[in-house]
Amino acid sequence: MAGAGGARAALALLLLAALAPAPARPHPQCLDFKPPFQPPRGLAFCRRYSDFGCCEPRRDRALLQRFYRLSARLDGPSYAACAGHLQDLLCQECSPYAAHLYDAEDPSTPVRTIPGLCRDYCRQVWQQCRSIFRLLSADPQLTALESNVAEFCRYLSLEDADYCFPHLLSNQNLNQNLGLVTADAEGCLQLCLVEVANGLRNPVAMVHANDGTHRFFIAEQLGLVWTYLPDRSRLQKPFLNISQAVLTSPWEGDERGFLGIVFHPKFKFNGKVYVYYSVEVRYEERIRISEFRISAADMNALDHGSERIILEIEEPASNHNGGELLFGDDGYLYIFTGDGGMAGDPFGTFGNAQNKSTLLGKVLRIDVNSNDRGPLYRIPPDNPFVQDPKARPEVYAYGVRNMWRCSFDRGDPRTKAGKGRLFCGDVGQNKYEEVDIVEKGKNYGWRAREGFSCYDKKLCANASMDDVLPIYAYPHQMGKSVTGGYVYRGCEFPNLNGLYIFGDFMSGRLMSLKEDPATGEWQYSEICMGTGQTCMFPGLINNYYQYIISFAEDEAGELYFMSTGVPSATAPSGVVYKVVDTSRRAPPGKCRVVPSPVKVKSKRVQFVPKEKLIMKTPTPRPTAEAPRGRRPDPNLPPTPTVAWVGRVPPAPGNRSRTPARPGKGGERRGQRRKKKPPITAPPPRNGAVRLAGPRGRGRSQGRVEVYIDGEWGTVCDDGWSSGAAAVVCRQLGFPHALRASKRAEFGQGSELRVLLDDVQCSGQEETLLECSHADVGTHNCSHEEDAGVVCSREEPPDW
């Protein structure tokens, strides 16, 4: 019992230190090409690997049965001399370095039949127990070398002697931090990624329905929401398409658009979904929160005619639009608004954020339950300012600038510690970005304070503010537009439990905070992409696009983030990534989910990953210590406590990028926009289409322009039909084509070449290039015959 207690204590220390910085080291891997794990209970045969390894009890029992079968073929003296060696060799399948021992890191490489042995140990076994090798392996080459100990042991040796058995058991470099999150020399936690979705136009949100189907829904800033099934295929028909109503533009960094979506906690029963988007009403910009219901005919589409506007708020400027919607454990809807835009919250005496009589610069909480009759929403009776005649009763917390991405902590899977805490990233003004834990009735300091620093010194000196300091803030040398994330509470990667993972839109940094339970302080660790062997697992990558737009959880609690290479609502360069820790996984079967069936009425578009693992080691990134601690003296200028002020951090994600203007919340000057710095956008794919008209690019209708071999051009209407129009509309996200227009109905594209003529499509092709057509650039027409389309999200009437 004492030995078992010691093992448990050692394991506890291992888990407590799971996120401690560690030197870079070779990475453990099992024969199934996945990370090792802690078995759910101790192993009876391969006891050495009971705390951490590659065998669960069922595999352990199978190895024991094999041991019995093989050892039965040994006589008494041989059994006494060789049974221990036989057990050791069989149990190397359970070693956390099994893939290395069997040369199985690459799935295409033939797996050894006997693990790699150190030559001195091999010689010892050969001299005493040569017969067990024939029991373990039928390899004819091994049998042919059996009489020559030098050649025999050379054949069984490993190219990398660090991994040979049994020396790897005492190898300090391999074992001192075994099972902990890998960190590089600067303490940057090395994680890996799985590509989940691509080709998205500024994916601003990813949510799940919490209905057991394990679908996820990805929203684009343009106003389209797509359904993804558990196999990662996407349905061709959008879940929601309100792109005609959504106010946005192709400008890089435009903060307006479709910004948030959340499913009602009882969606499975009431079919309600809530969205947050920008609109223009009579030349006035507003943010709108609306309610939709699921279509009675399709569980993968909302009824577009069911929209009910729950709340609208006038936006005095085009930036700082907020955009988050969440349901709390209390069943109420939380709405996160920006301060109204421009710079320094210049509205009124103290700004919108400090004015409780306005809904801007706030966290709002409303009750949308049982709203089918009576008011569209009610005020929760315990909202903090319901008795204050000078405050809006919807206000839950105030003093926020532009909270971009918030999340409720699910709580520790075992103890539920932390459950219900509300984390938000609040975008800063000139110097600092911050992360807050939002609580009822609290003031988060803007515009008096930016991070821990005073912004408005006079307001900052007002002792009656009683504002709450962030749990973490970082200077603009590290990033200029925080993107709030999640506390990891998933099942698959136990080392990440309790780690708050977030990012920065501009710098592309991935970052993390870990709470010290003894002091309540939050410790910072940067996250970088794994190098060397860290991400050399099938299907994993170690690079991402810079502009980190949003984070997400799936229904099982696993963590994702969305980023893009071009921060424009019309650029299809957005990718969704799943965060992966390759140092430790949950035991096989523990995290298995069985999705509820989904009735699909739309065509499926199979997912094709495009990103690759990058083997080149990136430039080491400097770390920084962000300012935190006591309240600043309002009479002194803020002094950042950063170890490398003025040094420009290298771009993350192992990609070379051109910096661009700020995105969500990073715009500093409201409606008056500075000239955009140049940005290199990836070229469209061959066959990409866009719609244009006399007044510029259209939304659902316009002249068809197609991209072929590096240039945009028009299409002649010779042969132009409803089938061709269907191909174009589907590419643009519309399920239906109302009309194939001819004779330059939407204007002439005279500045472009005519690229396609005699186009004839069945309507099922992916692009116009797959249709029958004349050679590219060959035609007998003029721009007076430029073709166009009228697309629709609604099915055309049956005439």
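Colleague: To which residue does a disulfide join cysteine 192?

Modeller: In general, a disulfide is a covalent bond between the sulfur atoms of two cysteines. In this predicted model, a disulfide (a pair of cysteine sulfur atoms within 2.5 Å) joins cysteine 192 to cysteine 535, with a distance of 1.9 Å from S to S. The torsion about their S-S bond is about -95°, so this disulfide is left-handed.

Colleague: Where in the chain do cysteine 192 and cysteine 535 lie?

Modeller: The pair links distant parts of the chain, 343 residues apart. Cysteine 192 is in strand 1 (residues 189-200), and cysteine 535 is in the loop between strand 24 (522-529) and strand 25 (547-553). Helices (H or I, at least four residues) and strands (E, at least two) are DSSP runs, numbered from the N terminus.

Colleague: What is the mean pLDDT of the protein?

Modeller: The mean pLDDT (the predictor's confidence in each residue, from 0 to 100) is 87, and 87% of the residues reach 70 or more. Over residues 1-25 the pLDDT is below 50, and this stretch has 36 contacts in the model beyond near neighbours in sequence. A contact means heavy atoms within 4.5 Å. Where pLDDT is low, the predicted coordinates should not be read in detail.

Colleague: Are cysteine 192 and cysteine 535 buried or exposed?

Modeller: Buried means under 20% relative accessible area, exposed over 50%, and partly exposed in between (1.4 Å probe, protein chains only). Both cysteine 192 and cysteine 535 are buried. Cysteine 188 is buried as well, with a relative accessible area of 3%, and cysteine 528 counts as buried at 10% relative accessibility. For the protein, 57% of its 799 residues count as buried.

Colleague: How many disulfides does a search of the whole structure find?

Modeller: The search finds 13. One of them is formed by cysteine 46 and cysteine 91, whose sulfur atoms are 2.0 Å apart. Their link is left-handed, with -85° about the S-S bond. Cysteine 46 sits in the loop between helix 1 (2-16) and helix 2 (57-71), and cysteine 91 in the loop between helix 3 (76-90) and helix 4 (98-101), 45 residues apart. Both cysteine 46 and cysteine 91 are buried.

Colleague: Which residue does a disulfide join to cysteine 55?

Modeller: The partner is cysteine 94, at 2.0 Å from S to S. The torsion about the S-S bond of cysteine 55 and cysteine 94 is about -90°, so this disulfide is left-handed. Cysteine 55 lies in the loop between helix 1 and helix 2 and cysteine 94 in the loop between helix 3 and helix 4, so the pair ties together parts 39 residues apart in sequence. Both cysteine 55 and cysteine 94 are buried.

Colleague: What is the order of the strands in the open sheet of eight strands?

Modeller: Strands of a sheet pair through backbone hydrogen bonds, either parallel or antiparallel. Here two strands pair if DSSP finds at least two bridges between them. The order is 21-22-23-24-1-27-26-25, with mixed pairing. The edge strands, strand 21 (482-487) and strand 25, each pair on one side only. Strand 23 (residues 510-515) and strand 24 run antiparallel and are joined by six bridges; serine 512 stands opposite serine 525 in strand 24.

Colleague: Why is strand 15 described as largely enclosed by the rest of the structure?

Modeller: Six of the six residues of strand 15 (residues 403-408) are buried, so the strand is largely enclosed. Strand 15 runs antiparallel to strand 16 (residues 422-426), with four bridges between them. Cysteine 406 stands opposite cysteine 424 in strand 16.

Colleague: Where is arginine 585 placed?

Modeller: Arginine 585 is in the loop between strand 27 (574-580) and strand 28 (604-605). At 10% relative accessibility, arginine 585 counts as buried. Not counting residues up to four places away in sequence, arginine 585 touches several residues, among them Cys30, Asp32, Phe37 and Glu492.

Note on methods
Residues numbered from 1 in each chain as written. Predicted model: local features only at pLDDT ≥ 70, side-chain atom pairs only at ≥ 80, totals over all residues. Heavy atoms only, no water.
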